[in-house]
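Dear colleague,

My notes on the salt bridges and on the pocket follow below.

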Amino acid sequence: MSNTQVQVPCSVMRGGTSKGLYFLADDLPSDRAARDTFLLAAMGSPDAREIDGMGGGHPLTSKVAVISRSARPGIDVDYLFLQVWPDRAEVSDQQNCGNILAGVGPFAIEQGLLEANDGVTAVAIYMVNTDSKATAEVQTPGGLVEYSGEARIDGVPGTHAPITLNFEDVAGSSCGALLPTGNVVDVVDGLQLSCIDNGMPVVCLNAADFGITGYESPAELESNSELKARVEAIRLQVGPMMNLGDVTNKTVPKMSLLAPARDGGLLSTRTFIPHRVHESIGVLGAVSVATACMLEGSVAAQIAGLSSVGESLEVAVEHPTGSFTVQMQVDNSSGSPVVTKSALLRTARLLMSGSIYVLPSAWESK
């Protein structure tokens, strides 16, 4: 076998508060096993530092977007999200990622998958993981992607061009229903919790029920073995309740420990994703938590101090590095909540475009 390395076209982009590798689907092996073998090698996984690849040694910086021109009516591009785990040889498609989604529109335009307008280009994106749609509004003065601007998001230094993400029909995309258990509040191990899926399966819990404030740093929470064991025990029980089956080896549901807001938001979050604690909060995780605030009597609404909510609300979700505002609209006229709008602001930036190199052993079939 030749020692010459295989090179594959690739872009590295920051999407929201995550970072990952963006590929055109046609540039990757069509066989799933071969594709995953390649991606593990590209990231340098499994290795805690991912030192022999492009991964950053953390789930938030070991992500992949696979993008292609869509044949679906009214859709511009198809987007498959893949989580490459630094600590094990696993590539997961079990969830979506709204942060990496922020880079999909700019990448698609840069790659010529659709023609940009002079001003703002709306990119209709089919999210393969959850069989749902989002529209990204990308700044494109002169028909070119603009990355500089005045938009600021917590967890990312500096300012950049705004990207508005509008999620459509994402309720129940993983669990089959906005309220997977059929209840606004359930009781597990004697604790009240709210299970919700508006683009990401999330379990809302009261941080105080675990003997913590809910304002601890991610490192403090990750070092608390007793806390982690209790949270995981509940996660394993609610998985089947949320129509997710055995979640032992799954990345969902996310477990969000909530506390009263202390920096001007509506409530504070610390989210297990599921075994590490997010340095901020995932886009779709924030959307699900914000949606829970719209449901009277939910754990989130109780902690936020909302005794009643109208049809629309801007929900500022605090997290370890700032806050995240979600524009929510919910129609309760039918007796069951129907989400009519979930929109938020993100930014993205192209960091590198070129080729990624792997050894031939990681590229066995294509």
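**Salt bridges**

Arginine 32 and aspartate 36 join their side chains in a salt bridge, at 3.9 Å from N to O; the term is used for a side-chain nitrogen of Lys or Arg within 4 Å of a carboxyl oxygen of Asp or Glu. Before going further, please note that this is a predicted model, in which local features need pLDDT of at least 70 and side-chain atom pairs count only at pLDDT 80 or more, while totals for chains, interfaces and linings use all residues. Residues are numbered from 1 along each chain as its sequence is written, and side-chain values use heavy atoms, with hydrogens and water left out.

Arginine 32 and aspartate 36 are about one helical turn apart, because they lie 4 residues from each other in helix H1 (helices are DSSP runs of H or I with at least four residues, strands are runs of E with at least two, and both are numbered from the N terminus). With 44% relative accessibility arginine 32 is partly exposed, whereas aspartate 36, at 14%, is buried; buried means under 20% relative accessible area, exposed over 50%, and partly exposed in between, with a 1.4 Å probe and protein chains only. A network of salt bridges links Arg32, Arg35, Asp36 and Asp93.

In helix H5 (residues 225-241), arginine 235 and glutamate 232 are 3 residues apart, which means about one helical turn, and their salt bridge has its closest N and O atoms 2.8 Å apart. Arginine 235 is buried at 0% relative accessible area, and glutamate 232 is buried at 16%.

Glutamate 90 and arginine 88 form a salt bridge at 2.7 Å, N to O, and here glutamate 90 is partly exposed at 21%, as is arginine 88 at 29%. The count by this rule is 9 salt bridges.

**The largest pocket**

The largest pocket holds about 190 Å³ of space, a volume being the space filled by probe spheres set on grid points joined across faces, edges and corners. Its lining has 13 residues, of which Ala41, Ala42, Asp52, Val358 and Leu359 are the closest to its centre. A pocket is an open set of points on a 1 Å grid over the protein atoms alone, where a 1.4 Å probe fits, with protein on both sides within 12 Å along at least five of seven lines, and lining residues have an atom within 4 Å of a point.

Helix H1 (32-43) and strand E17 (348-358) each give at least two lining residues, and H1 gives the most, with 3.

With best wishes
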